[in-house]
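The sequence and the structure are shown first.

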Amino acid sequence: MPAARPAEAAGGSGAVSSAERAATDVGLEILRSGGSAADAAVAVALALAVVHPQAGNLGGGGFAVVKSGDEISALDFRETAPGAASHDMFLGADRQPVPDASLVGGLAAGVPGSPAGLFALQHRHGLLAWSRVVEPAVRLARDGFTVTQRLHDAIEDEKDLLARFPESAAVWLPGGEPPAPGRLVRLPDLAATLADYAARGPEAIVTGRVAAEVESAARSHGGLIRAADLSAYRPVWREPLRFRAFGWEIASMPLPSSGGFILAQSLGMLERLHWAERPRASVDRAHLLAEVWRRAYADRFLLGEPARMATDVSRLLDPDWIAERAEGIDPARATPSSAVRPYPGVAPREAAATTHLSVVDGAGRLVSLTTTLNGWFGCGVYVVGAGFLLNNEMDDFVTAPGRPNMFGLVQGEANSVAPGARMLSSMSPTIAWRGDTSIALGSRVGSRIPTSTMQVLLNLIVDRDPLQEAVDRPRIHHQWLPDQIAVEPGALDERARAALRERGHTIREVEGPIGEICIVRRLPGGALEAAADGRGPGAAGRTGQ
Ligand code: DON
């Protein structure tokens, strides 16, 4: 696709929601200086690579959905398996999975997509000079930023991981402990990498000294990434997954993310089941949510890169198939997941570090961007000299037949490891609009991303909640396997839980949040709103506030 620069200036206004106050402030600074939503989104993502290193990254990847007038685009900067990766690379000589190999250390890392991906996003949709967009991140890394409680706690939680890699411990566990909240941290190696990136774009990272350092860090911790993998990596502009639901237009991420697919299938089923007409917070609504997700996540088993799938994804999104699935739902009884198979004709073979940001600018352009290292601090390997951590995204592939990934997702052969392949994701950067109202939203927390994103969307487009309320309302989750409704405290009262058990559901109160949403909205007349999830310390803001 040609690199079209949006003509209309944003007029210095906009709204941003991200996981950290310092990053949201960078986005607002870029909007005030005339940047577009894409300029601000990229600047926020790079600021997160500094101040939110457990998830923000140069060593990971992600997805973005962009709306610029009538042009809707989707950018895939997902990591790829290194060229030397192979189908059974996570199995030992005994054909058993090697514990933790897809999660910790060099073998767990995919080839980073962020350096080329963020550049591609700004190149196509930005208004400012590239160096201007990178500059705030350089400043934060060079001059220092304040350690937040969230960063401190994340390091504390992942102390064992970071301590296994002396290079990572030297930066993130100085003196053996996480830096205290409020302390100023400077990251000179990262500042130098970012300064070069500001001057030269992705070449500064995917070739030359930094690429050699990535290879050396990977090699010394048993990894397969080579400098040639970095320079061969290409982000891909894809047709967004577009559909209508409850009178709204929705654009979300297509494969290799399952996020848009799960939203499209399950919202389609809900519409056919007249979900919106049932009372708010009713047992019927919770039951139907669990049943549609159970079916959508069962079909997720078949997903992978389109060329590697046995079933054409368009068949899985065919209205007839969605209707057939909806008709199979018993309004009064849970269907056991063991009785819900993926799409007919295909027998299944035998058998939390992400961050989302949303930006809207004064011209109404929206960016919804989710980026990840997979687990907090990725595989734990820090690239000395380059100043960033490598992801552990290889765990999103099927690492052994029938073996659930770290989010409990059971996946199929189309998502097995292959050289250069992109691993299936659940990230769901989404944009929805109707008339003059438009919304950009997304979430973190792995398999719970599509279901949390969908519930907030429903709160807004069906139940018309105020923005913050829509985000904060307690949520539930079902992902086919394990066969249970995960509930947040307060999501369903005791009577509702008992009624759902009566219908055959298993209810389990979850550890950790069901998603952490960052959202912006533009209202008719041009008023802008932003909200960050009450479940986390994220920060929303508007210019002029
Ligand atoms: O792409 C995926 O679906 C996962 N790698 C996302 C990981 C995640 O959300 C961790 N969250 N906090």
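## A helix pair

In this predicted model, the residues Leu-46, Ala-49 and Val-50 of helix H2 meet Leu-190, Leu-194 and Tyr-197 of helix H8. Helix H2 spans residues 37-51 and helix H8 spans residues 188-200, and their axes come within 11 Å while crossing at roughly 165 degrees. Because angles over 145 degrees count as roughly antiparallel, H2 and H8 are roughly antiparallel to each other. The crossing in which H2 passes H8 is right-handed.

Three strands form an open sheet in the order E15-E16-E17, and their pairing is mixed. Strand E15 (476-477) and strand E17 (507-509) stand at the edges, and since each has a single partner strand, one side of each is left without a neighbour in the sheet. Helix H18, made of residues 494-502, packs on this sheet and touches both E16 and E17, with its direction making about 140 degrees with that of E17.

Strand E16 covers residues 485-487 and runs antiparallel to E15, to which it is joined by two bridges. His-477 has Ala-486 in E16 as its bridge partner.

## Cysteines

The structure holds zero disulfides, a disulfide being a covalent bond between the sulfur atoms of two cysteines. Cys-379 counts as buried because its relative accessibility of 0% falls under the 20% cut-off. Cys-518, with a relative accessible area of 2%, is buried as well.

Terms used: Residues numbered from 1 in each chain as written. Predicted model: local features only at pLDDT ≥ 70, side-chain atom pairs only at ≥ 80, totals over all residues. Heavy atoms only, no water. Disulfide = S-S within 2.5 Å. Buried < 20%, exposed > 50% of the residue type's maximum accessible area, 1.4 Å probe, protein only. Pairing = 2+ DSSP bridges. Helix = DSSP H or I, 4+ residues; strand = E, 2+ residues; numbered from the N terminus. Contact = heavy atoms within 4.5 Å. Axes fitted to C-alpha atoms, helices over the stretch in contact; angles between N-to-C directions. Parallel < 35°, antiparallel > 145°, perpendicular 65-115°, else oblique. Left-handed = near helix turned anticlockwise from the far one by under 90°.
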